[in-house]
Amino acid sequence: MRVRLALLLSLFAPAARADGGAISLDLVNHPVGWIALALFVLAYAAVIAEERIHIAKSKPVMLAGGIMWGLLAWWTIHAGGDAAPVHEAFKAMFLEYAEVFFFLVVAMTYVTAIGERGVFDALRDWLVQRRLGYRPLFWITGLLAFLTSPVLDNLTTALVMSAVVLAVGGDNRRFVTLACINLVVAANAGGAWSAFGDITTLMVWQAQKVQFTEFFAIFVPSLVNWLVPAAFMHFAVPQGHPHAPAQRSPIKIGGLGICVAFAATIAITVAGRQWLDMPAAWGMLTGLALLNLVATRIERRELRYAFANGIENPSRYSIFRIIANAEWDTLLFFYGVFACVGALAAIGYLELASHGLYGTLGHTGANTAIGLLSAVVDNIPIMFAVLKMNPPMDHGQWLLVTLTAGVGGSLLSIGSAAGVALMGASRGAYTFNAHLRWIVPIAVGYAASIACHLWLNARHFTP
């Protein structure tokens, strides 16, 4: 029994010990590393099976991340050192997450506030009132998704435009299905050429791999990624005109003011990042102060209206109430992803993957494969892993992986947050199999966008 216990403890002995007692975290071939990797795989499997097991996606990854970092700290102490290296690695990871967290909280608050004021409903009703045919609506909704996704992010854009599609599509299931596929592709493509368009582009910008204006270099490849499959689908869209309802939704008090404040917030954030070298979270939190000022004016105007009309105990407009209703499961899911991937990086798995992937396939092949992988696995942990790998790539390759991670999720309906959201919002018209039927044109668009980038942005590549 003692021999077995000694053998078991020897498995958890330090993998390497440097002079002075410093502990190396190279645990790739160590049981601690294997346990951490197994925890990550199990947690992500639970995320994929979220709808079946009815457990919010944030819970398994947060639990796995917490256990992984605790395990690393325990191992360094057990090995005869202290947990200082693990402590510093966790602090660095948490700071990266904190910047993304506050950026997203403010962005979500703005989008929710704009929606609450009826701006998106007014846009939907305006389009419906144009009495356009199905095919023009197919292109207009796709173009709007492509152009608004860089500001609102691909998920919000897809949900907003899907409301338009469902409103005008009515009982025409074929139009709704094709329009939703088009929205997913357009929203993902639009989000790829802006620092605000997707979490992955935000992380690349935060890591200073690509500057804000340099994302515009992949505008044309992103446009190609959407136009190619849209051109194929155009001929399958039914002809005819939908019925337009007579009712229109008005924009509530302060709706346009919030839009102006949002535009100012984006300007402050970009200017602060580019010219003051301040993190994006600084600009967004400054913009949150602007939103609170607008909210105070809205509250006063609504109270005056309520008192003038004899309304007793009117509800007070509050931005903090909107913040409380933010998508906290998503925000905490991002923490779990950062924690898990950060722990795998500290262990050494990402360095191993970097050598294996980029050393075998080359930069272009590896970055193309990253996009294909993002169709199955969420692009956020993939991009965070690439940033942690930090392969020695030139500027053109960083633009390429930004493009492929952003648009690769369009290959499958489960490959992006926009696709997953529309499967729930489309009332059964947009499904995994419906999207899968168009995977060939979407894949052609994916390949065409890569070829377009390699040709059009050749100046960004090191000879």
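Contact here means heavy atoms within 4.5 Å, and helices are DSSP runs of H or I with at least four residues, numbered from the N terminus. You're looking at a predicted model, where local features need pLDDT of at least 70, side-chain atom pairs count only at pLDDT 80 or more, and totals for chains, interfaces and linings use all residues. Residues are numbered from 1 along each chain as its sequence is written, and side-chain values use heavy atoms, with hydrogens and water left out.

**Stop one: α7**

Select residues 134-152. Helix α7 has 19 residues and spans 25 Å from first C-alpha to last, close to the 27 Å expected at 1.5 Å a residue (1.5 Å times one less than the number of residues). Now colour its buried residues (under 20% relative accessible area, 1.4 Å probe, protein chains only): among them are Y134, L137, F138, T141 and A145.

**Stop two: S449**

Jump to S449 in helix α21 (residues 439-456). Is it buried or exposed? S449 counts as buried because its relative accessible area is 0%. Leaving aside neighbours within four places in sequence, S449 is in contact with P221, V224, N225, L403 and V407.

**Stop three: M278**

Finish at M278, in the loop between α12 (255-275) and α13 (280-308).

Technical notes
Helix = DSSP H or I, 4+ residues; strand = E, 2+ residues; numbered from the N terminus. Buried < 20%, exposed > 50% of the residue type's maximum accessible area, 1.4 Å probe, protein only.
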